[in-house]
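This report describes how parts of one protein chain pack against each other. Please look at the structure below before reading on.

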Amino acid sequence: MPRVEEIEAIRHECRAMIRRRAATSAVLAAAPLPGVDVAADMAMLMNALPQISRDFGLAPEQIEKLEEAERVALYGTIKGFSNSFIARAVTRKMIALTLTRALGIRQAARFAPILGQAAAAAISYRVMTWILNKHVEECYAAARAVEQIRLFGPGSVIIEGELVDRGAR
């Protein structure tokens, strides 16, 4: 599990990777070959989501190695996220469902010549950045929660920048 200073660096590196992958997705969405863009998006997400989790130390095999208090903090944080990919084996079905919800408009947009392809590219870029940035932020929050337990113990939390020991009441 990365330390505090590493967590920020990982977040920054992941965002740069997301911009590159989203640009690739946009280029493929503008191409007039139907289906190629969706297959490429699925492949990118199948690759990127687990890699981001792994970078933050949150792949299932990494989570198994955490101490109990760290896992409790992690799962408590994850529970607050809807449809989180953290600690899950990312499947094609999960990706397909996520893309179907997010990209329905893109398919309709491409039937208009030129402007439709540009709109499809813009939509594709935005959807890819949204999905992947959401995952980065969830991983970031989860990694910070685990690191907080490591630094301050299981009974402590940080509220508005101040360490509060809940066990000291």
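In this predicted model, helix α4 (residues 68-79) packs against α6 at an angle of about 150°, and their axes are 8 Å apart. The two helices are therefore roughly antiparallel to each other, since an angle over 145 degrees counts as such. The crossing of α4 with α6 is right-handed.

Which residues of α4 and α6 meet? From α4 come Ala69, Glu70, Ala73, Leu74 and Thr77, and from α6 come Ala141, Ala142, Ala145, Val146, Ile149 and Arg150. Sorted by type, the residues of this contact of α4 with α6 are eight nonpolar, one polar and two charged.

Helix α6 (residues 115-152) also packs with helix α2 (residues 36-55), here at an angle of about 20° with axes 10 Å apart. That angle makes α2 roughly parallel to α6, because angles under 35 degrees are counted that way. The crossing of α2 and α6 is right-handed.

On the α2 side, the residues that meet α6 are Asp41, Met44, Leu45, Ala48, Leu49, Ile52 and Ser53. Their partners in α6 are Ser124, Met128, Ile131, Leu132, His135, Val136 and Cys139. The residues of this contact of α2 with α6 divide into 10 nonpolar, three polar and one charged.

| Helix pair | Angle | Axes apart |
|---|---|---|
| α4 and α6 | about 150° | 8 Å |
| α2 and α6 | about 20° | 10 Å |

Is Met42 buried or exposed? Its relative accessible area is 15%, and Met42 is therefore buried, as the cut-off for buried is under 20%. Leaving out residues up to four places away in sequence, Met42 touches Arg92, Ile95, Ala96 and Leu99. Met42 and Leu99 are 57 residues apart in sequence, while their C-alpha atoms are 7.8 Å apart in space.

The remaining values concern the protein chain as a whole. Its secondary structure comes to six helices and two strands, and along the sequence these follow the pattern α-α-α-α-α-α-β-β. The protein chain has 169 residues, of which 40% count as buried. Its accessible surface comes to about 9500 Å², and carbon and sulfur atoms account for 59% of that surface. Among contacts in the protein chain with a separation of 6 or more, 72% are between residues 24 or more positions apart.

Methods: Residues numbered from 1 in each chain as written. Predicted model: local features only at pLDDT ≥ 70, side-chain atom pairs only at ≥ 80, totals over all residues. Heavy atoms only, no water. Axes fitted to C-alpha atoms, helices over the stretch in contact; angles between N-to-C directions. Helix = DSSP H or I, 4+ residues; strand = E, 2+ residues; numbered from the N terminus. Parallel < 35°, antiparallel > 145°, perpendicular 65-115°, else oblique. Left-handed = near helix turned anticlockwise from the far one by under 90°. Contact = heavy atoms within 4.5 Å. Nonpolar A, V, L, I, M, F, W, Y, C, P; charged D, E, K, R; others polar. Buried < 20%, exposed > 50% of the residue type's maximum accessible area, 1.4 Å probe, protein only. Areas by Shrake-Rupley, 256 points an atom, 1.4 Å probe, with all protein chains shown as cover.
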